[in-house]
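This report describes selected local features of one protein model. The sequence and structure are shown first.

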Amino acid sequence: MSFITRGFSGRSRERDDRLPPGQTLVHDFPVLSAGPTPEVDTAEWEFTIRTESAVHRWNWDEFLALQIDEVDTDIHCVTHWSKLGTSWRGVSLDTLFEQVETEQEYVMAHSYGGYTTNVPLDELLDGKAWVAFEFDGQALEPEHGGPARLLVPHLYFWKSAKWVRGLVMMDQDEPGFWEQNGYHLHGDPWKEERYW
């Protein structure tokens, strides 16, 4: 006779070397948002990068005319789920920053709907981040951040701001929405940087 009730030990985890510590593999794409899903028409969508000396702007057509990358990557949510082998299309932050001059080292990402998240600039360059507009061969659904979201797959997924509308350069690191509410300033899933 067993002294432990069946199911008491929790969910079994599929272990994979691509799963950071504390993560559970999922096959669906969970939807988590800090508020209602904004309706963003691509005819009115604009992406900006604001530096200490200039504002760089792209409308939807100008954005789609830039070099587009195919990105295959794993994503990891702070709520303990990971989705492996995801496929995206988007514009690299390296491409967007080609004509941008700045001495500032930190970025605040801003979204339609008011969400913000902070990321050091060096975490967005050198092939580490994109503004993604397609997922799994389809236009990015609004519930997943469409028409465009930031994609920073080496950090927890809250850093991949949904409905992104721009980046503001900063002299020092300042907390965004979730960071002000106790989430870690950096968010590396391999170090389990979930909370302050």
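Which residue's side chain is joined to that of Glu-70 by a polar contact? The partner is Arg-89, at 3.1 Å (a polar contact is a pair of N or O atoms within 3.5 Å, of which, within protein, one must be able to donate a hydrogen and the other to accept it; residues adjacent in sequence count only if both atoms are side-chain atoms). The model is predicted, with local features requiring pLDDT of at least 70 and side-chain atom pairs pLDDT 80 or more, while totals for chains, interfaces and linings use all residues. Numbering starts from 1 along each chain as its sequence is written, and side-chain values use heavy atoms, without hydrogens or water.

Glu-70 belongs to strand E4 (residues 69–76); strands (E, at least two residues) and helices (H or I, at least four) are DSSP runs numbered from the N terminus. Leaving aside residues up to four places away in sequence, Glu-70 touches Trp-88 and Arg-89 (contact: heavy atoms within 4.5 Å). Its C-alpha atom lies 9.5 Å from that of Ala-132, 62 residues apart along the chain.

Asp-136 is placed in the loop between strand E8 (130–135) and E9, whereas Glu-192 is in the segment after helix H3 (177–180). The loop between strands E9 (138–139) and E10 (149–151) holds Pro-147, and the Gly-146 to Pro-147 peptide bond is cis, with omega near 20°.
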